[in-house]
Amino acid sequence: MFLFNNYWKNWTIKKRLIMTFLPLALLPMIFSNVIAGWIYSNQISKGIESNVANTVNLVNNHLNTYLDEITRMTVLPYYNNRILSIMQESGKISDTDYNQVQALLSQSIRNPRADLQSVSIYRSDGQIFSSSIYSADINYQFDFKNSIWYKRAVEAKGKVVFIAKSSDSRIVNRPEAVFSVARAIKIYNGPILGVIIIDVNFTGLESIFKPVDLGKDSNIIVLDEDQNVVYSKNSNYAQAIPSIEPSHEGVQHITVDQDKLIVNHINSEDTGWNIAGIVSESELDQGKQIVSRTIMVISAIIFLIVLIVSVLLSDTITKPLKTLRMLMGRVEKGDFNMSYEAFNGNLEISSVGRAFNQMKQNMDKLINQVLETRYKQKEAELNNLKLQIQPHFLFNNLEAIRALAEIGDRKGVVDITTALGGMLRYSLTKQNSKVDLREEIVQVQNYLKIEQIRSGEGLRIEYHLDEALMNCKTIPILLQPVVENCIHHGFDRIRDLRRINISVQSCEEGILISVEDNGTGMTVEQYTLLQAYLANEINELTFANHGIGLKNLHARIQLEYGMQFGLSFMNREGEGMTVYIRIPRLEQ
């Protein structure tokens, strides 16, 4: 056995399949041919009886399945709280409630099924809801409480009941024969609220019984609890119905008009109906049909065996491939802490597994090298951008001090120098750390104090701050470049009152900071160039240089938090501009 196992493991997949399927296909075929003659000569009678029994059971299963679908529709009111509420009411209901129930009933039968004729709900106080696919008239004067189907439904206390061919006057101009399914509507142990009844024509039953073939001289009959005929496939052996014993399930042999009949009778627990298959013993002369059916059954068994073996064998092939696929998926997500270890199977797949392990190791090394390189590059770019902001900031504010000194405003020089010293101290000490948004607001307020000293009453600032966001962390020197850009470029041609509105609020991405001014804004062409400049589609601006600080800030934010964050704009030519800053909400 050990040698055979080693030999088997070295076989290719193709060889395994051939050596497995060949005996499994030949041996059952030989076996079926040998037993066919024996079955024909010894089991003809039992074959017919078995065939009738199997057919009746199969028909019963199909019938139960079919009626289960109808039955599920009787629980329609329980899925709509409004309908249940209407059923608990009494007296006249509003047109809205009536139309709502009518619409639900209409919707329930407006489907591709051709067997549903009508569905009605009879409320216990006499209110009737009904819908039909035909132009049938509902008899609203019908005394439904004294009808057999209503009494049976009430007695069943919420269980479904089946009614044979309906012949009452509930529907005046009923277009075709139907049978009905009814169920009392009640909530838990409460009183009966009413009854839902569904009328079904016999097209569904015909589709079940039409394919059934017990032979030329045969019939299948469905009887209700009172032995009334619900459905008969044909008119054969109708006279044999009184001779069928309802309490005796299984095979019965009866004689009607000198014709010996084989009857197999089964009682459906789901519906209470009886299904009887009737075959004349003259069918025994048609033994060839039994043989052909037997061969078909054996062929089906052979096919099933081959199918099962195919699934089991293919599983031995696909399982390691699935394992490899799962491992590759983890590698795609960046997980390199695993390896393929199932090397005791097929040679080809084991070779692929070894190659996968080697590939994974090489990719891991390369990715680590690339990540390390990109991290160092990002760190260098970020430090460079931080350094670019400081000279730009100093230049603008030293110009402001110079202007105050020229006009001899000593107090202004002192105030602005003090504020500038605090700002520079903040810039230097907070450059490589995260700061609270509150600190950034204070920093901007200091900067704007300097500008207001220069501008007097010509500059007004409004703040709209969400206090819950003030302790959130962000990068330093976040707002100053934007505010500085408003003052030096947005207001360069404005002589009237200049306003800046600063807002901090929550947004879907995290925090949205907006800086709005009433300056001159930009022309459409300038605004388009600025957008392209920030997106690195062009290297410089041809109309001005005030986009440098904005671009540096935009780059800092994206390097720190990712490409989904940064700056965006809303330009109003001749009226001002709003700069939006999106950053994540970081509590610590």
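## A negative patch

Asp68, Glu249, Glu269 and Asp270 together make a negative surface patch. Patch members need over 30% relative accessible area and no salt bridge, with like charges joined within 9 Å.

Helices and strands here are DSSP runs numbered from the N terminus (H or I, at least four residues, for helices; E, at least two, for strands).

## Ground rules

This is a predicted model, where local features need pLDDT of at least 70 and side-chain atom pairs count only at pLDDT 80 or more, while totals for chains, interfaces and linings use all residues. Residues are numbered from 1 along each chain as its sequence is written, and side-chain values use heavy atoms, leaving out hydrogens and water.

## Salt bridges

How many salt bridges does the structure hold? There are 9, a salt bridge being a side-chain nitrogen of Lys or Arg within 4 Å of a carboxyl oxygen of Asp or Glu. One of them joins Asp199 to Arg170, with the closest N and O atoms 2.8 Å apart. That pair ties together distant parts of the chain, 29 residues apart: Asp199 is in strand E5 and Arg170 in the loop between E3 and E4. Both Asp199 and Arg170 are buried.

Lys434 and Glu560 make another bridge, at 2.9 Å from N to O. Here the partners are 126 residues apart, with Lys434 in the loop between helix H10 (410–429) and strand E11 (435–436), and Glu560 in helix H14 (residues 547–561). Lys434 is partly exposed at 39% relative accessibility, and Glu560 is partly exposed at 25%. Then there's Lys473 with Asp436, closest N and O atoms 2.7 Å apart. This one links strand E13 (residues 473–474) to strand E11 across 37 residues. Lys473 is partly exposed at 25%, whereas Asp436 is buried at 18%.

## Cysteines and a covered helix

Disulfides come to 0, going by cysteine sulfur atoms within 2.5 Å. Cys472 is buried, at 0% relative accessibility, while Cys507 is partly exposed at 23%.

Helix H12 (residues 480–490) is mostly covered, with 9 of its 11 residues buried. Among them are Pro481, Val482, Cys486 and Ile487.

Most residues other than glycine have a negative phi. Lys157 has a positive phi of about 55°; Lys157 lies in the loop between helix H6 (148–156) and strand E3 (160–163) and is exposed at 63%. Tyr188 has a positive phi too, about 50°. Tyr188 belongs to the loop between strand E4 (179–186) and strand E5 (192–200), and is exposed at 75%.

## Contacts across the chain

Thr294, in helix H8 (residues 287–332), is buried at 17%.

Key
Patch = residues over 30% accessible without salt bridge, like charges linked within 9 Å, V, L, I, M, F, W, Y side chains within 5 Å. Areas by Shrake-Rupley, 256 points an atom, 1.4 Å probe, with all protein chains shown as cover. Lys, Arg positive; Asp, Glu negative; His and termini not counted. Charge placed at Lys NZ, Arg CZ, Asp CG, Glu CD. Buried < 20%, exposed > 50% of the residue type's maximum accessible area, 1.4 Å probe, protein only.
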